[in-house]
Amino acid sequence: MKFLISFLCIFSFIKANSQMDAQLQKDIEAIEDKVIDWRHDFHQNPELSNREFETAKKIAKHLRSLGLDVTTEVAHTGVVAVLKGDNPGKTVALRADIDALPVTERNDLSFKSEVRTEFLGTETGVMHACGHDTHTAILMGVAEVLTKNKHLLNGNVKFIFQPAEEGPPPGEKGGASLMITEGVLQNPDVDAIFGLHINSATPVGTIKYKPGGTMAAVERFVIKVKGKGSHGSAPWSGVDPILISAKIIDGLQTIISREAELVKEPAVITVGKITAGTRFNVIPETAEMIGTVRTLDPDMRAMVISRMKEMAPAIAKAYGGNAEVEFQNNTAITYNDLELTAEMLPTLKSLAGEENVELVKATTGGEDFSFFQEKVPGFYFFLGGMEPGNKTPYPHHTPDFMVEDEGMLLGVKSMTQLAIDYLNK
Ligand SMILES: [Zn+2]
Ligand SMILES: [Zn+2]
């Protein structure tokens, strides 16, 4: 019996690793310390969106040291490198986002960020509070390992180090959409793209994924309501834009609760800010509402937007005022191509173990990797960064956010093997 158990253990070990080349596996394990050092350095020296100047220099220096063809200043501070495999074939892109956030770090770490800056007029700390330091370090490791093993590649790998995933500062362009405009998916033309996000509430060694709509399209909307000012004691001589706003908010929620086919995918409308009025006895002339829409299905997205544009002015009109609705799109739907996801899943399962790759539900957060997926088939998954057993992981974008160094090794393995397997299939 004992013999049988150990035989089964050895068998499952061999089976689990059968896909990865032995030398490649050694190279990946050997690079872990470097990846951790890079991560600590980026963590200690975070830079905000569109301001990743030193981060980009370090990335470019590393990629040049590998002998890769490197382009800098793509979409302001982006860095792109192409590795040609020993054999011709398709081109696969691997993407890491590199920016940090205006959050003041509260973790007690040897590599804690003490960086401070001014953001939109407020003095603040700067922190890799979303884990993009790990994404950057992982992809630098993958670039080194794949360069060493380019005899395994039938085609090209394009490494995309993307700035401003969290959104460029007001008035600036940036991120994935600007990289696409500047031609990042061309020359050589990208056939498919992979990306990952480390997660502070997913245990180290595990992967989560979902085919189809994975993260939401994010719209920002502004509704401007116009009424007619009057004395607060005599509402009959005016048109109250505050009352109209209340009716509009109420009405908009019925688009979700009565019109959206919620068994298909979830959808959200949130009004996050209302501005109107000056004092207790004045009915103002105007009111303004700002909010967000989150959708995971292209048809539902179109429906919600068009119904909001119809409904808000109609409600305003019913009460004697008028309303205008404007939309600005921040991210598309992070949509995992069904065929590509099915094709690449065995790779992740062989690396992490079948039981450590979990199918999850969609989230209503947004991710600008979605813009790449609008252009080419893409697959985006979540990588465990939580110390196993941690009962109170802190969420992303908070001062106590933390992901473990140990989580990155599976990230390096995954991105490396996904590229190889995609090109060789
Ligand atoms: Zn984030
Ligand atoms: Zn992020």
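Two strands are said to pair if DSSP finds at least two bridges between them. Strands (E, at least two residues) and helices (H or I, at least four) are DSSP runs, numbered from the N terminus. Strand S8 (residues 207-209) and S18 pair in this sense: they are antiparallel and share two bridges. Within S18, lysine 208 has phenylalanine 382 as its bridge partner.

The structure is a predicted model, in which local features need pLDDT of at least 70, side-chain atom pairs count only at pLDDT 80 or more, and totals for chains, interfaces and linings use all residues. Residues are numbered from 1 along each chain as its sequence is written, chains are lettered from A and ligands numbered from 1 in the order in which they are written, and side-chain values use heavy atoms, with hydrogens and water left out.

The sheet comes next. Eight strands form an open sheet with mixed pairing, in the order S1-S2-S6-S3-S7-S18-S8-S17. Strand S1 (69-74) and strand S17 (357-359) stand at the edges. Each has a single partner strand, so one side of each is left without a neighbour in the sheet. From one strand to the next, the twist averages 25° (axes are lines fitted to C-alpha atoms, for helices over the stretch in contact, and angles run from 0 to 180 degrees between N-to-C directions). Strands of a sheet pair through backbone hydrogen bonds, either parallel or antiparallel.

Both senses of pairing occur here. S1 and strand S2 (residues 78-84) are antiparallel, with four bridges. Aspartate 69 faces valine 82 of S2. Strand S3 (residues 87-97) runs parallel to strand S6 (residues 154-162) over nine bridges. Valine 92 stands opposite valine 157 in S6. S3 also pairs in the parallel sense with S7, over four bridges. There, arginine 95 is set opposite glycine 195 of S7. S7 and S18 are parallel too, over eight bridges. Leucine 196 stands opposite phenylalanine 381 in S18.

How many residues of S18 are buried? Nine of the nine are, so the strand is largely enclosed by the rest of the structure. Buried means under 20% relative accessible area, exposed over 50%, and partly exposed in between (1.4 Å probe, protein chains only). In a regular strand the side chains alternate between the two faces of the sheet. Both faces of S18 are covered. Gly378, Tyr380, Phe382, Gly384 and Met386 are buried on one side, and Phe379, Phe381, Leu383 and Gly385 on the other.

Donors are N, O and S atoms within 2.8 Å of the metal (3.2 Å for Na, K and Ca); water is not among the atoms, so sites may look incomplete. Cysteine 130 lies in the loop between S5 and H4, and histidine 397 in the loop between strand S18 (378-386) and helix H10 (408-424), so the pair ties together parts that are 267 residues apart in sequence. Cysteine 130 counts as buried, at 9% relative accessibility. Histidine 397 counts as partly exposed, at 39%.

The zinc ion (ligand 2) is coordinated by Cys130 (SG), His132 (NE2) and His197 (NE2), at 2.1 to 2.3 Å. The spacing of these donors is C-x1-H-x64-H. Cysteine 130 bridges the zinc ion (ligand 2) and the zinc ion (ligand 1), which lie 3.1 Å apart. Cysteine 130 is in the loop between strand S5 (122-125) and helix H4 (132-148), whereas histidine 197 is in strand S7 (residues 192-203), so the pair ties together parts that are 67 residues apart in sequence. Histidine 197 is buried, as is cysteine 130.

Helix H2 (residues 22-44) has 23 residues. At 1.5 Å a residue, H2 should span 33 Å, and its end C-alpha atoms are 34 Å apart, which agrees (the expected span is 1.5 Å times one less than the number of residues). H2 bends by about 40° at glutamate 32; the bend is the angle between axes fitted to the seven residues ending there and the seven starting there. Buried residues of H2 include Leu24, Ile28, Ile31, Val35 and Trp38.
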